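Colleague: I'd like to learn how to read a structure like this one, feature by feature. Can you walk me through it?

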Amino acid sequence: MRAQSSATTAPRIAVATDSDRPGLGTLQAALGVIAFSLTFPATAWGLEGFGPWSLVAVRSVLAAVIAGGCLLALRVPLPDRRHWPGLAVVGGGVVLGFPLLTTLALQTSTTAHAAVVVGLLPLTTALCSALRVGTRPSRTFWTAALVGAAAVLAFTVQQSGGALSTADLYLFAALLVCAAGYTEGGRLARVMPGWQVIGWALVLCLPLTVPVAALALAQEPVRLTAHSVTGLLWVAVGSQFVGLVVWYRGMAAIGIPKASQLQLAQPLLTLVWSVLLLGEHLPVAAPLTAAAVLVCIAVTQRSRG
């Protein structure tokens with residue numbers, strides 16, 4: 001009991017120290033956004049050699065192996081029983097739900113079109129936070145968040161033609177489950193290090209992801225290429241583990257609503273990567289949307305909840 005108590009006390013002290021440095025928290029959240037902005041292009045690469053179920057399951061297993069190895073090496077004790085329901089939400093939202101739904105969408109959708117879900121994610125996360133954690137951002141915050149989300153949504157929907165499809169349904173479902181996972185992860189990151197939040201969530205999903213990976217690899221064709229392997233490694237290590245580690249630490253330091261607004265820049269970053277990595281066409285409206293988004297981010301970061 002004493003070992004468990006001391007292990008619990010240490011993370012609380014570390015997290016409290018991080019929360020006293022909002023600049024560091026903003027930097028960590030921004031690094032998470034950069035990592036996430038590469039997820040869709042990397043997924044498109046991965047789909048060149050893997051089926052959707054194989055790609056999602058294998059990326060989760062690889063990330064869980066890395067996370068589990070870190071947890072074992074550092075002899076991290078099991079989380080308190082009261083934290084497991086929250087970890088299950090994180091696992092269902094960001095480990096399984098969002099990757100699977102967006103991967104299924106990217107089978108028939110371009111990365112530019114899929115970016116619409118990321119454009120709406122900050123607002124949805126802020127709403128989930130208000131309902132779950134009880135945060136009450138100011139009117140200025142909400143106005144800037146709505147304007148930024150509207151700008152990103154108008155840009156991406158206009159580029160896609162505005163027609164709803166099966167891919168859109170996948171994307172909107174992904175939006176909801178990811179916002180719930182972000183909210184629970186940000187809440188848990190206040191009482192345990194962010195890397196442990198995603199680490200335990202990944203390990204918790206192993207009993208499901210391992211058999212699914214084995215079954216999917218046996219059923220879906222696999223073609224190993226430089227693109228497919230690089231895409232798989234990035235979504236497993238960069239997006240699924242490292243990106244979420246710094247993202248949850250950032251949310252714990254500066255708050256879930258403000259951290260989520262940094263994601264307003266993510267669709268535009270994704271478009272840049274899509275041009276550089278996939279050869280997609282960058283619309284002329286992108287610079288104007290980028291300017292509007294940057295203004296909204298500045299306003300939300302300076303507003304007080």
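This is a predicted model: local features need pLDDT of at least 70, side-chain atom pairs count only at pLDDT 80 or more; totals for chains, interfaces and linings use all residues.

Colleague: What pLDDT does the protein chain average?

Modeller: pLDDT is the predictor's confidence in each residue, from 0 to 100. Here the chain averages 84, and 90% of the residues score at least 70. Residues 1-19 fall below 50, and that stretch has 19 contacts in the model beyond near neighbours in sequence; a contact means heavy atoms within 4.5 Å.

Colleague: How many salt bridges does the structure hold?

Modeller: A salt bridge is a side-chain nitrogen of Lys or Arg within 4 Å of a carboxyl oxygen of Asp or Glu. The structure holds three. Arg 132 pairs with Glu 184, with the closest N and O atoms 2.6 Å apart. That pair ties together distant parts of the chain, with Arg 132 in helix α6 and Glu 184 in helix α8 (residues 166-188), 52 residues apart. For helix labels, helices (H or I, at least four residues) and strands (E, at least two) are DSSP runs, numbered from the N terminus. Glu 184 also bridges to Arg 187 at 2.8 Å between the closest N and O atoms; both sit in helix α8, three residues apart, about one turn of the helix. Through shared partners, Arg 132, Glu 184 and Arg 187 form one network.

Colleague: Is Glu 184 buried or exposed?

Modeller: Buried means under 20% relative accessible area, exposed over 50%, partly exposed in between (1.4 Å probe, protein chains only). Glu 184 has 6%, so it is buried. Arg 132, at 45%, is partly exposed, and so is Arg 187, at 25%. There's also a bridge between Arg 82 and Asp 80 (3.5 Å, N to O); Arg 82 counts as exposed because its relative accessibility is 53%, whereas Asp 80 is partly exposed at 22%.

Colleague: Which side chain of opposite charge is nearest to Glu 220?

Modeller: For charge, Lys and Arg count as positive and Asp and Glu as negative; His and the chain ends are not counted. Glu 220 is buried without a salt bridge, and the nearest opposite charge, on Arg 59, is 13 Å away. Glu 220 sits in the loop between α9 and α10. A polar atom of the Glu 220 side chain lies 3.5 Å from the backbone nitrogen of Trp 53. Setting aside neighbours within four places in sequence, Glu 220 contacts Gly 51, Pro 52, Trp 53 and Ser 54.

Colleague: Which residues have the most contacts inside the largest nonpolar core?

Modeller: A nonpolar core is a set of buried Ala, Val, Leu, Ile, Met, Phe, Trp, Tyr and Cys residues joined through side-chain atoms within 4.5 Å. The largest has 63 residues, and Val 94, Tyr 182, Ile 198, Trp 247 and Tyr 248 have the most contacts inside it. Helix α10 (residues 226-254) supplies the largest share, nine residues. A second, separate core has seven residues, including Leu 55 and Leu 232.

Colleague: Where is Ala 201 found?

Modeller: In helix α9 (residues 194-219). Ala 201 has a relative accessible area of 0%, so it is buried. Beyond four places in sequence, Ala 201 touches Leu 87, Val 90, Gly 91 and Val 95.

Conventions
Residues are numbered from 1 along each chain as its sequence is written. Side-chain values use heavy atoms; hydrogens and water are left out. A polar contact is a pair of N or O atoms within 3.5 Å; within protein, one must be able to donate a hydrogen and the other to accept it, and residues adjacent in sequence count only if both atoms are side-chain atoms.
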